[in-house]
Amino acid sequence: MLRIHYADYEALRTHGEETYPNECCGVLLGKNIADEGNGAEAVNHVQQIVRAGNTRTDSAHNRYNIAPQELVKIQRQARGLGLDIVGFYHSHPDHPAQWSKTDFAEAHWLGCSYVITSVEQGKAALTNSFLLSGTTEEDKTFEDEPIQIDIAPNVAEAAAQTQKGQA
């Protein structure tokens, strides 16, 4: 499962809108809360997102790449905060929020979440997450991964008040 704060979830979706018609990309920092054998699934708990530049100049509208130097910088930043890289995100302009053959071929971080937002006509639509599971490149697979969005108490209270006012 991917667990993310509402503000971070909205920020990665907004990033996709801002870079439309090109793909956006970024890194998810947080902690992996491992399955402790009690039947609960492992959780990639996002505590911060970091925008990255899409260095693809040949086809930025349907491909993305994070420069290795930028990725190393982000990894050092994570370590400094006591966090890990728990995933990556990118957008699919005018295409479904489903991984492509290229996404799969270029995914190498086993145990990480790969979040894809479909941006249709410049507006973020569906966002899905896929866990890259397996033990090697040869047996890796993408698994559909549920997303739990944490809403701050004040946001949840404001939403409840708005609903009461509409009733």
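How many nonpolar, polar and charged residues are in the lining of the largest pocket?

**View 1. The largest pocket and its lining.** In this predicted model, the largest pocket has a volume of about 320 Å³. Its lining is made up of 16 residues, and those that lie nearest the centre of the pocket are Tyr64, Asn65, Ile66, Phe88 and Glu106. Two or more lining residues come from each of the helices α2 (68-80) and α3 (101-105) and from each of the strands β4 (84-93) and β5 (113-120). Sorted by class, the lining of the largest pocket holds 10 nonpolar, 4 polar and 2 charged residues.

**View 2. The second largest pocket and its lining.** The volume of the second largest pocket is about 180 Å³, and 15 residues line this pocket, with Glu23, Asn62, Arg63, His92 and Ser100 the closest to its centre. The elements β4 and α3 each give two or more residues to the lining of the second largest pocket, a lining that divides by class into 4 nonpolar, 7 polar and 4 charged residues.

**View 3. Cys24 and Cys25.** The structure holds 0 disulfides, and Cys24 is accordingly in none, the nearest cysteine sulfur being that of Cys25, 6.7 Å away. A pair of cysteine sulfur atoms counts as a disulfide within 2.5 Å. Cys24 is buried, with a relative accessible area of 2%. Cys25, likewise in no disulfide, has the sulfur of Cys24 as its nearest cysteine sulfur, and Cys25 is buried, with a relative accessible area of 1%.

Definitions and conventions:
Residues are numbered from 1 along each chain as its sequence is written. This is a predicted model: local features need pLDDT of at least 70, side-chain atom pairs count only at pLDDT 80 or more; totals for chains, interfaces and linings use all residues. Side-chain values use heavy atoms; hydrogens and water are left out. On a 1 Å grid over the protein atoms alone, a cavity is a set of points where a 1.4 Å probe fits but cannot get out, and a pocket is an open set with protein on both sides within 12 Å along at least five of seven lines; lining residues have an atom within 4 Å of a point. Grid points are joined across faces, edges and corners, and a volume is the space filled by probe spheres set on the points. Helices (H or I, at least four residues) and strands (E, at least two) are DSSP runs, numbered from the N terminus. Ala, Val, Leu, Ile, Met, Phe, Trp, Tyr, Cys and Pro count as nonpolar, Asp, Glu, Lys and Arg as charged, and the others, Gly among them, as polar. Buried means under 20% relative accessible area, exposed over 50%, partly exposed in between (1.4 Å probe, protein chains only).
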